[in-house]
Amino acid sequence: MHGHPEVITTHESHHDEHHVHHHKETFITKYIFSQDHKMIARQFLITGMLWAIIGGLMSVLFRLQLAYPDESFPILEDILGRWAKGGKITPEAYYALVTMHGTIMVFFVLTGGLSGTFANFLIPLQVGARDMASPFLNMLSYWFFVLASVVMISSFFVQSGPSQGGWTAYPPLSALGDASPGSKAGMDLWLTSMALFVVSQLLGGLNYVSTILNLRTKGMAMTRLPLTIWALFFTAVLGILSFPVLLSGFILLLFDRNAGTSFYLSDIYLSSTQQALPNEGGSAILYQHLFWFLGHPEVYIVILPAMGIVSEVMSVNSRKPIFGYMAMVGSLFAITTLAFLVWAHHMFVSGMNPFLGSVFVLLTLLIAIPSAIKVFNWLTTIWRGNLRFTNGMLFSLGFVSIFISGGLTGIFVGNSTLDIQLHDTYFVIAHFHIVMGVAGFFGMFAGIYHWFPKMFGRYMNNTLGYIHFWVTLIGSNLIFWPMHYEGLAGMPRRYLDYSNWQSFNMFQGLNTFISIVTIVVFAVQLMFVFNFFYSIFKGRKVMTRNPWSSTTLEWTTPIRPGHGNWPGEIPEVHRWAYDYSKDGRDFIPQTEEVREDEAKH
Amino acid sequence: MSTTSILLLAILGLGFLITFQIAKASEYVSILKGEKKAFEQSNKINGFLMMVFLVLGLVGIWWCHDLYYHKTLLPFPSASDHGEKIDTMMFITIAITGVVFFITQILLFWFSYKYQYSDKRKAYFYPHNSNWEMLWTTIPAITLCILVGFGLYYWYKITGDAPKDAMQVEITGKQFGWIYRYPCKDNVYGKKYYKNIDEANSNELGLIWEDEYSHDDIVTSEAMYLVKDKPVKINIFSRDVIHSVGLPHFRMKMDAVPGTPTTMHFTPKYTTDEMREITKNPNFEYEIACDQLCGNGHYSMKGVVKVVTQSEFILWRAKQRAKYLDVFPENTPSTPGANPTDTTTKTAPVALNK
């Protein structure tokens, strides 16, 4: 067997000898330009983690400013150089940090890192395929992501700084270099990087969809798919249909910036240059429509894979079938459909026609119904189960708690009447960080802890995992729960100093508290990263093929599967993925034939 | 790098090292004890922590509420009529979501505690039940109908047409401040065009002086004066990038978009002085906070609304000088308040061509 010489000698490992693919693998084809979906998944994961460290560190830096707006920290000058002269962050640097934090976290970590990792890793393994439909396009998808990353990083080093117009990059601010230094070269690089990222997403997404539709093993009907696959399928569909619209919005913005067009620009006089611009007739609101046509599905692109992972991990560790499988699939489908019909709820006070707004209120609040179904189904799944608190399970339970908290505040901001007051305040910050950010990360952590043994043939350290979970769960509540109160006081987001505001300066103490918790939580995430890399090389070895006693196909492969996944024939599937505790048996693998006398469901 | 930061990093590193050693040791201990025993022990601890988290979490919610509720806007009456509707909607939503929140969170952590692994229990094979699923589809659906119904009812009231007798004020955002304009006695704004903007000649809105309606317009950056109990329609413009007129105490907000005029209307209920008494804050001001990232001075883009009585307002307005007269002081009529004469229209184009 090539490629993985350190195969563990267990009773099962002799299967590995009958490997079907006997092609020569070099270091480059195995670890760098690999076409093995499992290696590409690991590449996405590690790239995503590096981005998460950068994006997280940025939040620590700007939280320092919010905690102590009057003090200076020499360490900031060490890190940021002239962006923090004398240890005080400049407004330019502050806005660059929040913009990059948002862009990195939403796109590079929670899209590239989350669905990139788990779609690549799980789809072929759980549907029973040797690899993706097109391994080459899959490899390209990763390398476009790397290219996007390199371009984004390079924008940190241009003279005028990276983009500073927020992760949404609303024009005219993002279109006019004279309105903000971040809208000079940094913005062109941002747009280029995002365009490359869209390409990466499309290549990946088309691959995921075609693999799921065409490469399922014998007997793997769509209704027998694990919920992870359903979730990743809908995620890919969302991405394919909405990312191109975002790209079109970006291209028009590039034209406005560099070719003198007026898609988004009209009636502008800039104080900095004392000049009126020639552009007339454009609509700044058009960009917002194009942006949010992706921007809103994007939050489901983040949360659906997390939901899928959580459903799977929760069922395995409750030793119970997921409750209401068809309802779970149906609610995923409903969320996917509605995701395309709600984008303008980000624009209730943008000057859009109020009647249009009311349609979006209705459609937005409809999303609460499938979300409620999912929550109640998860609750029923653990009801009368036999729960094993593995790290994956802990993060899954944490996900449900966090998703409830953040989902319910969506009913506030999705209602246009309340949005008038809450729009662009800390209430919104709290809402989307909880429901998309923290919940997305919890799903990702659940997936990493659960499938780490399959990815690397070793376990992560449990105790570090428990510390990681409890500190993160408590910390994220301490950070984001009080922010709702700041929002209810009308405190606007994206301010770096509130001391001059009679209406908002009473929260300075709270801001300091939040920042301190942020630093602690960030430190614990670094500990997780350490645990991750340490365990790849030194973790406890996996000795059995199916450490979690799971029914799904990925655990029928050898402990360290080679390219092609199964050494012999691909197993045939005879049942759905959730036969746990049925007929007095702990679990029945999908590969086992249905007996005559088996209970029906 | 300063010594303190080195010290902090050292403490952090040490903390890591200690935690890691403990974690490593616990792994060895679990091997010695046997995997099953170790798993059962840690499972018990985590199950117990689930309950601890639930209890501390509920206490924490109460504590947080106690600390911060009085700092929000909710304990004080809204300063506008629309704000009252928004407050009602807010309390309806808090009540409904609050009930759901407590029920689901308590169930989640209680189940986690109660059904933690035990040698004796067998999990219950329960793949689906249509009745339950129908129940938690229809109940949320009905609840949401209530929320949508109230929401849209208020939304149309708030965003509908302003009353006919509403007073008119115009607000224009720029990097980084606000400009206010009053149409004054004729109640008609003079025309403007952005290419006429000429800061050097103090025409910061680009008013067209040929249009006689512009001659009595008051332009100021001092504050937006509104009258208590008098409906006001605010016409919102932007000169450069997108801003947002955020009026937290009135619970109102609307973006200022270059090239796309927007509006809002409401009726102020308390004068600034009255609000100082209500909030028991002698320095209280109705602040206008820019709510849309507009550049590096965004955080300092502040305006002030002064709500006054009708008589105070008339007094204030009488003291203001029309912008036109600032630019062309030679046209000041001898009798204050009289309409500008024909001569003004002749001089205006000359000034424009400069």
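The following legends describe close-up views of a predicted model.

**View 1. Packing of helices α5 and α6 in chain A.** Helix α5 (residues 135-154) of chain A packs on helix α6 (residues 185-214) of chain A at an angle of about 165°, and their axes lie 8 Å apart. Because angles over 145 degrees count as roughly antiparallel, α5(A) is described as roughly antiparallel to α6(A), and the crossing of the two helices is left-handed. The residues of α5(A) that meet α6(A) include L137(A), L140(A), S141(A), F144(A), F145(A), A148(A) and M152(A), while those on the side of α6(A) include L189(A), T192(A), L196(A), F197(A), L203(A) and N207(A). Divided by class, the contact of α5(A) with α6(A) holds 13 nonpolar, eight polar and no charged residues.

**View 2. Helix α5 of chain A and its buried residues.** With 20 residues, α5(A) spans 29 Å from its first C-alpha to its last, which is close to the 28 Å expected at 1.5 Å a residue. Its buried residues are N138(A), M139(A), S141(A), Y142(A), F144(A), F145(A), A148(A), S149(A) and M152(A).

**View 3. Helices α7 and α9 of chain A in contact.** The axes of helix α7 (residues 227-258) of chain A and helix α9 (residues 325-339) of chain A come within 10 Å and cross at roughly 10°, so that α7(A) is roughly parallel to α9(A). On the side of α7(A) the contact is made by L227(A), W230(A), A231(A), F234(A), V237(A) and L238(A), which meet M328(A), V329(A), L332(A), F333(A), T336(A) and A339(A) of α9(A). Eleven residues of the contact of α7(A) with α9(A) are nonpolar, one is polar and none is charged.

**View 4. The contact between chain A and chain B.** Chain A contributes 109 residues to the contact and chain B contributes 101 residues. On the side of chain A that touches chain B, helix α11 (residues 368-382) of chain A gives the most, with nine residues. By class, the residues on that side of chain A comprise 64 nonpolar, 33 polar and twelve charged.

**View 5. Two cis peptide bonds, one at P171(A) and P172(A), the other at Q175(B) and F176(B).** Most peptide bonds are trans. The bond that joins P171(A) and P172(A) is cis, with omega about 5°, and P172(A) is placed in the loop between α5 and α6 of chain A. In chain B, a cis peptide bond with omega about -5° joins Q175(B) and F176(B), where F176(B) belongs to the loop between β1 (167-174) and β2 (177-182) of chain B.

**View 6. Positive phi at S581(A) and at S202(B).** Most residues other than glycine have a negative phi. S581(A), which is not a glycine, has a positive phi near 55° and sits in strand β3 (residues 580-582) of chain A; S581(A) counts as buried because it has 22 C-beta neighbours inside 10 Å. S202(B), also not a glycine, has a positive phi of about 45° and lies in the loop between β2 and β3 (218-220) of chain B; S202(B) counts as exposed because it has 10 C-beta neighbours inside 10 Å.

Terms used
Residues are numbered from 1 along each chain as its sequence is written. Chains are lettered from A and ligands numbered from 1 in the order in which they are written. This is a predicted model: local features need pLDDT of at least 70, side-chain atom pairs count only at pLDDT 80 or more; totals for chains, interfaces and linings use all residues. Axes are lines fitted to C-alpha atoms, for helices over the stretch in contact, and angles run from 0 to 180 degrees between N-to-C directions. Helices (H or I, at least four residues) and strands (E, at least two) are DSSP runs, numbered from the N terminus. Angles under 35 degrees count as roughly parallel, over 145 as roughly antiparallel, 65 to 115 as roughly perpendicular and the rest as oblique. A crossing is left-handed if the near helix is turned anticlockwise from the far one by less than a right angle, and right-handed if clockwise. Two residues are in contact if their C-beta atoms, placed from the backbone, lie within 7 Å. Ala, Val, Leu, Ile, Met, Phe, Trp, Tyr, Cys and Pro count as nonpolar, Asp, Glu, Lys and Arg as charged, and the others, Gly among them, as polar. The expected span of a helix is 1.5 Å times one less than its number of residues. A residue is buried if 20 or more other C-beta atoms lie within 10 Å of its own, exposed if 12 or fewer, and partly exposed in between; C-beta atoms are placed from the backbone.
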